[in-house]
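Please consider the following note alongside the structure. It sets out a few points for a reader new to it.

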Amino acid sequence: INAEYGGYPGPQGPYYCGVGSDKVKGRKIVEAHYRACMYAGIKIAGSNAEVMPSQWEYQVGPCEGISMGDHLWVSRWILCRIAEEFNVVISFDPKPIPGDWNGAGCHTNISTVAMRKAGGYSHIEAAIEKMSKKHKEHIESYDPSGGADNARRLTGLHETASIDQFSSGVAHRGASIRIPRQVAADGYGYFEDRRPSSNADPYAVTDRIVRTICLGE
């Protein structure tokens with residue numbers, strides 16, 4: 001689709017949540033996908049143009065446990081099927097274009113019942129502490145190549161943390177784990193694991209998260 005920009009697109013910056021045919025390509029695909037997912041009963045919750053031109057994000061959830069995998073996996077199939085109608089091939093690669101361009105993740109929002117109740121912030125902190133001790137195991141589960149795909153993306157640049165170091169912070173897009181600012185203010189809610197790659201197996205991601213924060217494995 002980027003050929004439609006009239007050559008190689010300019011530097012990233014104006015494309016994120018952009019409007020206008022000079023900023024955004026592929027919106028018809030995204031909106032057709034959104035409608036097809038709703039028709040199919042997929043828990044799709046939103047979509048937006050991303051930092052790199054022709055890069056899009058969509059959100060699925062909330063889901064409970066392993067059902068996350070069902071909804072995300074089928075939504076990907078629907079996306080590929082919709083793209084056929086536009087003669088477009090979808091890439092789920094976490095770093096489809098090398099260089100000074102954002103990669104693509106499968107940012108995963110996580111909460112338990114205890115985290116969502118008043119005073120739940122302490123449970124969020126406890127979960128993050130557990131995850132900090134299992135960073136290697138999570139990285140190995142967060143892309144289908146055992147971390148090799150994500151190594152191209154998690155460089156510490158382009159709104160990512162380094163693949164070699166665990167970090168967390170409030171409203172910090174450059175951390176492994178981001179706690180939303182509103183969650184910190186409210187004292188309860190959820191947190192976001194920004195490490196899973198865009199081509200991650202959602203069943204493997206869910207499995208690893210549950211093992212770490214719920215089962216202590």
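**Note on the predicted model**

1. Thr 212 counts as buried because its relative accessibility is 3% (buried means under 20% relative accessible area, exposed over 50%, partly exposed in between, with a 1.4 Å probe and protein chains only). Thr 212 belongs to helix 8 (residues 202-213); helices are DSSP runs of H or I of at least four residues, strands are runs of E of at least two, and both are numbered from the N terminus.

2. The model is predicted, so local features need pLDDT of at least 70 and side-chain atom pairs count only at pLDDT 80 or more, whereas totals for chains, interfaces and linings use all residues. Residues are numbered from 1 along each chain as its sequence is written, and side-chain values use heavy atoms, without hydrogens and water.

3. Beyond neighbours within four places in sequence, Thr 212 has contacts (heavy atoms within 4.5 Å) with Lys 130, Met 131, Lys 134, His 138 and Glu 217. Met 131 is also one of the buried residues of helix 4, together with Tyr 121, Ile 124, Ala 127 and Ile 128. These buried residues fall within an arc of 120° seen down the axis of helix 4, so they line one face of the helix; the arc is that of the directions from the helix axis to the C-beta atoms.

4. Leu 157 lies in the loop between helix 6 (148-151) and strand 4 (168-170). Leu 157 counts as exposed, because its relative accessibility is 54%.

5. Trp 73 is in helix 2 (residues 67-84). With a relative accessible area of 44%, Trp 73 is partly exposed.
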